Amino acid sequence: MPTVLITGCDSGIGREFAAQYAQAGWTVWATYLDLRRAIEDDRMHHAALDVTDFPQFDALRRETQGAPIDLLISNAGIGLDAGQLGALDYAYLGRMWSVNLVGALKLVDTFVDQVAASQQRRIVLISSRMGSTGSNLSGGHYGYRASKAGLNAIGRSLALDLFRQGITVAMLHPGWVSTAGGSTQAPLSAAQSVASMRTLVARLGNHETGVFLGPDGQPLPW
Ligand SMILES: NC(=O)c1ccc[n+]([C@@H]2O[C@H](COP(=O)([O-])OP(=O)(O)OC[C@H]3O[C@@H](n4cnc5c(N)ncnc54)[C@H](OP(=O)(O)O)[C@@H]3O)[C@@H](O)[C@H]2O)c1
């Protein structure tokens, strides 16, 4: 069975990814900002990973013992707002970039060899339509928008750099999902969003590497 490693499984979309892949029989490495929130499921491997804490990446790499990782999912993220012009919280803005952007790059940098050694060789970066510059018609959200636009830029470079190794990279917008990071008003449940994204990921071919897709599989403007 294939192996998936997911960040930010403490709640929301990450937790749902872990649950659904475990249910489908995959070997799951679920990582948590706070390991005390680990899912009660003995089939999974559970590990602590704060994506801003680089020594924890090294520890997790040792723990996985070089095992092939078919699917690496960068999901951990924080948002939405660092405030309005004139009252921006720059410390929070910097934290957002550390988690959403630098943390995602460090994840890939740490595990890319293990992805390359796997059968499926897929990397998914959980982005957001808020990171689409072309469809930004409402302004604001400086920190979050920039973090996801930057993540998309990183994803495109990874796609080009890793193509020859047969690795497929995709940036996925999960939709507007009812989670702590989304809103209770959101139309999609985490279960629905993750089911759609799993279907998309399963279909992704290497020739499609570098795509930025919505949950319905439609390409989003950069
Ligand atoms: N929900 C939506 O509508 C929506 C739309 C577009 C994109 N997204 C993206 O989807 C991803 C998942 O979000 P979600 O909606 O499931 O929200 P969520 O429930 O808040 O999930 C994000 C998880 O990441 C964890 N996290 C925060 N900082 C971390 C760190 N330094 N290291 C590791 N984990 C960390 C959070 O822990 P804490 O709970 O302790 O903060 C939380 O468990 C995010 O990248 C988000 O930007 C969501």
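The model is predicted. Its largest nonpolar core holds 51 residues. Around the ligand stand 29 residues.

**Nonpolar core**
- Seven names matter here: Ile6, Ala18, Ala30, Leu72, Ile73, Ile123 and Val124 touch the most other members of the largest core.
- Helix α3, residues 90–116, gives the most to this core, with eight residues.
- In soluble globular proteins, nonpolar side chains tend to be buried together.
- Ile6 has contacts beyond its neighbours within four places in sequence. These partners are Gly14, Phe17, Ala18, Ala30, Thr31, Ile73 and Asn75.

- Strand β1 (residues 3–6) runs parallel to β2, and four bridges join the two.
- Ile6 has Ala30 as its bridge partner in β2.
- From β1 the chain passes through α1 to reach β2, and this β-α-β crossover is right-handed.
- Strand β2 spans residues 27–32, and five of its six residues are buried, so the rest of the structure largely encloses it.
- Strand β3 (residues 45–48) also pairs with β2, in the parallel sense, over four bridges.
- Opposite Tyr32 stands Ala48 of β3.

**Ligand shell**
- The residues that come nearest to the ligand are Gly8, Gly12, Gly77, Gly181 and Gly182.
- Helix α1, residues 12–23, supplies the largest share of the shell, three residues.
- By class, the shell has 14 polar, 13 nonpolar and two charged residues.

Key:
Residues are numbered from 1 along each chain as its sequence is written. This is a predicted model: local features need pLDDT of at least 70, side-chain atom pairs count only at pLDDT 80 or more; totals for chains, interfaces and linings use all residues. A nonpolar core is a set of buried Ala, Val, Leu, Ile, Met, Phe, Trp, Tyr and Cys residues joined through C-beta atoms within 7 Å. A residue is buried if 20 or more other C-beta atoms lie within 10 Å of its own, exposed if 12 or fewer, and partly exposed in between; C-beta atoms are placed from the backbone. Two residues are in contact if their C-beta atoms, placed from the backbone, lie within 7 Å. A residue is near a molecule or strand if its C-beta atom, placed from the backbone, lies within 6 Å of it. Ala, Val, Leu, Ile, Met, Phe, Trp, Tyr, Cys and Pro count as nonpolar, Asp, Glu, Lys and Arg as charged, and the others, Gly among them, as polar. Two strands pair if DSSP finds at least two bridges between them. A crossover is right-handed if, with the strands pointing away from the viewer, the path from the first strand over the helix to the second runs clockwise.
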